[in-house]
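I opened a new notebook page for this chain. Here is what I looked up, entry by entry.

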Amino acid sequence: MRVRIATTALGITAALLAVPACSTNTTPDPTTTSTGTPTRADGNGAPLSSTALKKRLLDESDLGSGYLRTPQRPTQHDDVTVVGCPALSELGGDAATGGSLTFPRKAKVTFAYGGSSSEISEELYSDSANKLSDGIGRIFDAMTGCPTYQVVASGTPIDMTSQKLTAPHGLGDQQWSQLLTFSTAGRSTVVKQTAIRDGSLLVIVSGSPALVDRHLGKALAKATTAN
């Protein structure tokens, strides 16, 4: 059994954690980073529909062997309390569960890797450049502004540490990246999350750090290339 993480946009927090009695740490895929260069297709044009975004998500053929698409879990709105991070607490419980990204045009996919506890999740959003930038930047700033804090979800305390990372240069118009560690019942799980805004598109890739590094470029290239 393990700490199961649903890597939702910006949240990746306790409200989306099903915490069993015992767990194992996420095992990263020991693969070197491969980013690639995306071809811009949308610029600052009109936002794409959710249907169009779904066609631009990564699939098994993009990732290679060993990846299995996992069913999407319903969005949860459990009682969430943030302790020790006033900036994040001010955004409310929905921010801690990714609910603050309320852009109507969105798509998401999650994959498990190699039958292990490693996962990678991709989310796409489309809106005006300003709205995307403000929405993602506000929550990233709040989360990375608190090196340590605690999230209590449905009575379960989870100790959190956050670390702002240097986002990859040369990808899109804006970049954000962070490393989160979830600790509960003596077990820890590390999740990396990187967000790239390219014109009217926002690409968020979350999960095992090595998997995020490996597939971020692929996700951005497919999302920003017209189908």
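**Entry 1: strands that pair.** Before counting anything, I wrote down the rule: two strands pair if DSSP finds at least two bridges between them. Strand β9 (residues 174-184) and β10 meet that rule, since 11 bridges join them, and they run antiparallel. I also noted that I am working from a predicted model.

I then looked at where β9 hands over to β10. T184 has R187 of β10 as its bridge partner. The hairpin of these strands has 2 residues between them, and A185 takes a positive phi near 55° there.

Next I followed β10 onward. β10 is joined to β11 by 7 bridges, again antiparallel. One facing pair I found is R197 with L202 in β11. This hairpin has 2 residues between its strands, and G199 in the turn shows a positive phi of about 60°.

**Entry 2: the whole chain.** I stepped back for the overview. I got 6 helices and 11 strands. The chain has 227 residues, and 50% of them count as buried. It exposes about 9800 Å², with carbon and sulfur atoms supplying 51% of that. Then I looked at contacts between residues at least 6 apart in sequence: 65% of them join residues at least 24 apart.

**Entry 3: β3, β5 and β6.** Back to strands. β3 and β5 run antiparallel and are joined by 3 bridges. β5 also pairs with β6, antiparallel too, over 7 bridges.

On one side, R69 stands opposite F111 in β5. In β6, F111 has I120 as its bridge partner. The hairpin of β5 and β6 has 5 residues between the strands, and G114 takes a positive phi near 60° in it.

**Entry 4: aromatic pairs.** How many aromatic pairs does a search of the whole structure find? I got 2.

The rings of Y67 and Y113 have centres 4.6 Å apart and planes at 45°. I called this pair tilted because planes under 30 degrees apart would count as stacked and over 60 as edge-to-face. Y67 sits in strand β3 (residues 67-69) and Y113 in strand β5, so this pair ties together parts that are 46 residues apart in sequence. I checked how covered each one is. Y67 is buried at 8% relative accessibility, while Y113 is partly exposed at 22%.

F103 is in the loop between α4 (93-96) and β5, Y125 is in strand β6, and the two are 22 residues apart. Both F103 and Y125 are buried.

**Entry 5: the cores.** I looked up the largest nonpolar core, which has 22 residues. Which of its members touch the most other members? They are L53, Y67, F111, I120, L124, V203 and V205. The elements that give two or more residues to this core are β5 (106-113), β6 (119-126), β11 (201-207) and α6. The largest share, 6 residues, comes from α6.

Leaving out residues up to four places away in sequence, L124 touches, among others, L53, R56, L57, L202, V203 and A223.

There is also a second, separate core of 15 residues, including C85, I139, V151 and I158.

**Entry 6: the end of α6.** My last stop was L220, which is in helix α6. L220 counts as buried because its relative accessibility is 0%.

T224 lies in the segment after α6 (209-223). Is T224 buried or exposed? I noted it as buried, because its relative accessible area is 0%. A polar atom of the T224 side chain lies 2.7 Å from the backbone oxygen of L220.

Conventions. Residues numbered from 1 in each chain as written. Predicted model: local features only at pLDDT ≥ 70, side-chain atom pairs only at ≥ 80, totals over all residues. Heavy atoms only, no water. Helix = DSSP H or I, 4+ residues; strand = E, 2+ residues; numbered from the N terminus. Buried < 20%, exposed > 50% of the residue type's maximum accessible area, 1.4 Å probe, protein only. Polar contact = N/O pair within 3.5 Å; in protein donor to acceptor, adjacent residues only side chain to side chain. Core = buried A, V, L, I, M, F, W, Y, C linked by side-chain atoms within 4.5 Å. Contact = heavy atoms within 4.5 Å. Phe/Tyr/Trp six-rings, centres within 6.5 Å; stacked < 30°, edge-to-face > 60°. Areas by Shrake-Rupley, 256 points an atom, 1.4 Å probe, with all protein chains shown as cover.
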